Amino acid sequence: MGDPMSGEGSWDGRSAEEVLYEARKALYVMVGFIAVIWAAQVVNSALSYRLSNHFGIVPRDVGHLGDIFSAPFLHYSWQHIESNSGPLFVFGFLAAYRGVRKFLMVTLVIVCSSGLMVWFAQGNSNTVGASGLVYGYFAYVVVKGLFDRHLVDVLIGCVMALSYAYLLTAALPGVPHVSWLGHLGGAIGGVLAGWLLRERGAAALGAREDRELAGVGGGGAGGGAEKALGDTAVLPTPKGDGGRKSAKSGSLPGSPRSDLFKELDDLGL
């Protein structure tokens, strides 16, 4: 049995072609996502940010509760969207490369957790921006390897945690003009998504055992030959029949030795 942290074949048992295919899809999804929020920013800026005012999260206002789904696409300035776009692309891609379908579920969990945290606990304000998603994807990437027990993902999570540790400072209270509650809610959502969408141990173990059995089956020809030899009954040598006769009787039918003895018998030798 292999180490469950090491993975079999590829990082999660899939072929390299499947991993590359999912990575390409993840790239297309994130490029499209970034393009959408930048297009929204162009329109929003042209409208003097009226979209942000109308579709931002207003705490404890039931009429703005549904805006938790529109707020991540809107920003209040060009600097705001520029600061979010880089980390959003990096962490979003790392969150999506194992499967776009799962990534969409992760995104939904993070959007809800970040938006609801702001809606319930934020002071009087109007909150927009994709930073909640940034922190959610960041947390998801960091913990996913631990929950799924994939060594490669653990290493990726450690590298990301060390490289972007400064992001944690903006998830603490006291930072001016920053919705730290949105960041904290996003991070909580990322951890929650990593736990809810983790690969179940029993299923992963069963798949790994199937692959190992398939690998053993690769030597089926040799194993089958050994089994055939093991099942072959060797005839006992009759007593008092003479050397050649005994040898003939103890030989397997159709073997060269049996044919030789038969010819000798026919010659009377």
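**Close-up views of the predicted model**

**View A. Trp 38 is partly exposed, with a relative accessible area of 28%.** Trp 78 is partly exposed too, at 35%. Cut-offs for a 1.4 Å probe on protein chains only: buried is under 20% relative accessible area, exposed is over 50%, and partly exposed lies in between. The model is predicted, so local features need pLDDT of at least 70 and side-chain atom pairs pLDDT 80 or more, while totals for chains, interfaces and linings use all residues. Residues are numbered from 1 along each chain as its sequence is written, and side-chain values use heavy atoms, without hydrogens or water.

**View B. Trp 38 and Trp 78 form a tilted ring pair.** The model has seven aromatic pairs. For Trp 38 and Trp 78, the ring centres are 5.7 Å apart and the planes meet at 40°, so this pair counts as tilted. Trp 38 belongs to helix α1 (residues 16-46) and Trp 78 to helix α3 (residues 78-96), so the contact ties together parts 40 residues apart in sequence. Pairing takes Phe, Tyr or Trp rings (for Trp, the six-membered one) with centres within 6.5 Å; planes under 30 degrees apart are stacked, over 60 edge-to-face, the rest tilted. Helices are DSSP runs of H or I, at least four residues, and strands are E runs of at least two, numbered from the N terminus.

**View C. Ring pairs join Phe 91, Phe 138 and Tyr 164 in a cluster.**

**View D. The largest nonpolar core has 28 residues.** Leu 88, Phe 91, Leu 133 and Tyr 137 touch the most other members. Helices α1, α3, α4 (100-121) and α5 (131-148) each supply at least two residues of this core. α5 gives the most, with seven residues. A second, separate core has eight residues, among them Ala 40, Ile 57, Leu 74 and Val 118. Core members are buried Ala, Val, Leu, Ile, Met, Phe, Trp, Tyr or Cys residues joined through side-chain atoms within 4.5 Å.

**View E. Tyr 137 has contacts beyond its sequence neighbours.** With neighbours within four places left aside, its partners are Leu 88, Phe 91, Gly 92, Ala 95, Phe 103, Val 106, Thr 107 and Ile 110. Contact here means heavy atoms within 4.5 Å.

**View F. Asp 153 and Arg 98 meet in a salt bridge, 2.6 Å from N to O.** Asp 153 sits in helix α6 (residues 151-163) and Arg 98 in the loop between α3 and α4, so the pair ties together parts 55 residues apart in sequence. Asp 153 is buried at 4% relative accessibility, and Arg 98 is buried at 10%. A salt bridge needs a side-chain nitrogen of Lys or Arg within 4 Å of a carboxyl oxygen of Asp or Glu. The count is three.

View G. Lys 25 and Glu 22 have their closest N and O atoms 3.6 Å apart. Lys 25 is partly exposed at 28%, whereas Glu 22 is buried at 15%. For Asp 148 and Lys 144, the closest N and O atoms are 2.6 Å apart. Asp 148 is buried at 8%, and Lys 144 is buried at 6%.
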